[in-house]
Amino acid sequence: CNRWHEFNSPKPIAMKKLYLLLNFAVALLFSLCAYGEGETMIQSPDGNINFYVFLQGKQLSYSVTFNKRQVIEPSPMIMTVDDENITQLYSIGKNENFKVNETYPWLGLNSKAINHFNGKRIALRSIKGTEYYLEVRVFNDAVAFQFEVPGIMNAIRTPDEATVFTLPAGSTAWYHDLNMHYEGVHTKKLVDTIPAGQWAAPVVTAKLPEGAGYAAITEADLKNYAGMALQTNGNHGFVLKLAHNQPASYPYVLRYSKEDVAKLSQIASIIGTITTPWRVVLVGADLNKLVNSDAIHNLCPPADSTLFPQGIKTAWIKPGRAVWKYLDGGGDGTVENMKKFSKEAAELGFEHNVLEGFWSRWSDDSIRDLVKYSNDRNVGLFVWTHSKNLRDSVVRHQLFQRCHDLGITGLKIDFFDNEGEPTINLYNTIAREAAEKHLLLIFHGANKPTGLQRTWPNIMIYEAVKGMEASKLTDRATHETTLPFTRMLAGPADYSVVHFGDRRKNTTWAHQIATAAIFSAPLITYAASPENILTNPAVDMIKSIPSTWDETKVLPPSEIGELAIYAQRKGNTWFLSVINGVTPRSLKIPLSFLSSGSYQVMTVSDDKNNPAAVKIENKQMKRNEEVTLDLGVGGGFIGRFTKK
């Protein structure tokens, strides 16, 4: 039966009052039996999301509702410290309420982040006497919770977790396993059919049954702790598993020693206070709500003003687009050839040039020469290195100092391939020490982002995605229409957008160009060589696509793995971008996102006779008109609307 505060039936008033009375009585019994005593509830500022904390027997548990319908069904919160289940309780203690309502500048799909939530800090005491806190924050588009276990003087303790996220029966989930770490292809499954024991790398996105909306499970503010993955329990639940319980990924086994692999199964030890990352569930009525959620970075601390005096606006934080000699020919890894790449980057108006490992064989004088040549054209250089080179603090300091002295803009650091606590600590150490030398960062071969770009604005992007480097991926159309609503909910992904050759597989040129807008990032690398971009008939459009936006709207009928339609604004110019999956479809997209007045419009659409060609049109349009599209397999479209 429904609990009385969940009731929302349109019955006649008299019957409704009677039903409410009966339901209230039943609810008291139901609450005691199913939820236990001491229930507490935290509600979102708009009143649509409720987070319940209660006891089932003696086990601390929770549930989440959205518009009075279940998002997370009653599920245990499980945390152990030194093998003690501290979430076994006799009662729930006192709590303190608080709230935040603020905005701050952001580099992403929107230029302003909204941090608005109601919070509660709950005192807890385990059956064996361990005292600790549970903090809950409920946003208008997310819920989040974390545990804080105060430190014991000089004590080394080992935490573990097994909290369950139980989705309603009939939900459809998108997830991929851990074999390739975070570089997998998502599977779409009805949760009722998923057997126990399957691994799932966050973000796991679910479409709730009967039009109830969407949910996505991940974590935020991951530091001084092991990373989280999920494992299915066979009862439409996903169980939190820390790194020592996770299988070693194929890339890690390939690149590291047997001794290194064996260390991954060692449980992390923590001295002092144990503070878990935030366990996050994004919630929304539609995909637009999920995509535009700021909750993940909201849950991270602001940047240190001594390192970043103006936060993300600090002068040396330089977002932009990058060229890359790796996936589209491009010649030898020589200084002269990289000068050519920087020259062509400048012709495109791009801000960066990413160099692979060949740079390390050059002399400092050669690097200075290339840096000066590039900087004279307003192009910064990123250089690649293996993460294992940075485990040693002396080597790390020397490399960062050398890059700083040579005038290099940033580093692309690769092959982390696990989320054990030592690796998570290395990420944060790298971010801090790179910031001290004014170096930007690309984390490649990396774990999922957890919002720490707010704390470390010099982290421009994480890979954590099967991107354009995956030459054997045949169904790129489905993959690329899945990622915006799964992996990219956690933050931008270093996918390497836009390829005009075979790597695009079952997608068209117009589709590829549109991904540059939909997959936007503070540092977005293009897969196509700058020469091939400059000679493409759509070069004018490509040049104009920014790396960050002032405003983003996901438009219907977008659907995970099938279709993505984005309207994005930069200043007074709007872009409408569409990428299609494998099902041909006809669309009529209203231009109601535009303001009044006339717009000069440039469109890039599919050539129906040739997927490796585009059709370009220039015209004038107004907000009361619509764009009509006939999209084939992997089709695409991008339009630029400039206010007259």
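The largest nonpolar core has 171 residues, and Phe51, Leu60, Leu134, Phe443, Tyr526 and Ile545 touch the most other members. A nonpolar core here is a set of buried Ala, Val, Leu, Ile, Met, Phe, Trp, Tyr and Cys residues joined through side-chain atoms within 4.5 Å, with buried taken as under 20% relative accessible area (1.4 Å probe, protein chains only). A second, separate core of 20 residues includes Leu563, Leu594, Tyr599 and Met621. The model is predicted, so local features need pLDDT of at least 70 and side-chain atom pairs pLDDT 80 or more, while totals for chains, interfaces and linings use all residues. Residues are numbered from 1 along each chain as its sequence is written, and side-chain values use heavy atoms, leaving out hydrogens and water.

On to the strands, which are DSSP E runs of at least two residues, numbered from the N terminus. Three of them make an open sheet in the order S6-S5-S12, paired antiparallel; pairing takes at least two DSSP bridges between two strands. Strands S6 (84-85) and S12 (159-161) sit at the edges, each pairing on one side only. S5 (residues 79-81) and S6 share two bridges, and Val81 has Glu84 in S6 as its bridge partner.

Strand S12 also holds Asp160. This residue is buried but has no salt bridge, the nearest side chain of opposite charge being Lys241 at 7.3 Å; a salt bridge would need a side-chain nitrogen of Lys or Arg within 4 Å of a carboxyl oxygen of Asp or Glu. What Asp160 does have is a 3.1 Å side-chain polar contact with His244.

Technical notes: Helix = DSSP H or I, 4+ residues; strand = E, 2+ residues; numbered from the N terminus. Buried < 20%, exposed > 50% of the residue type's maximum accessible area, 1.4 Å probe, protein only. Lys, Arg positive; Asp, Glu negative; His and termini not counted. Polar contact = N/O pair within 3.5 Å; in protein donor to acceptor, adjacent residues only side chain to side chain.
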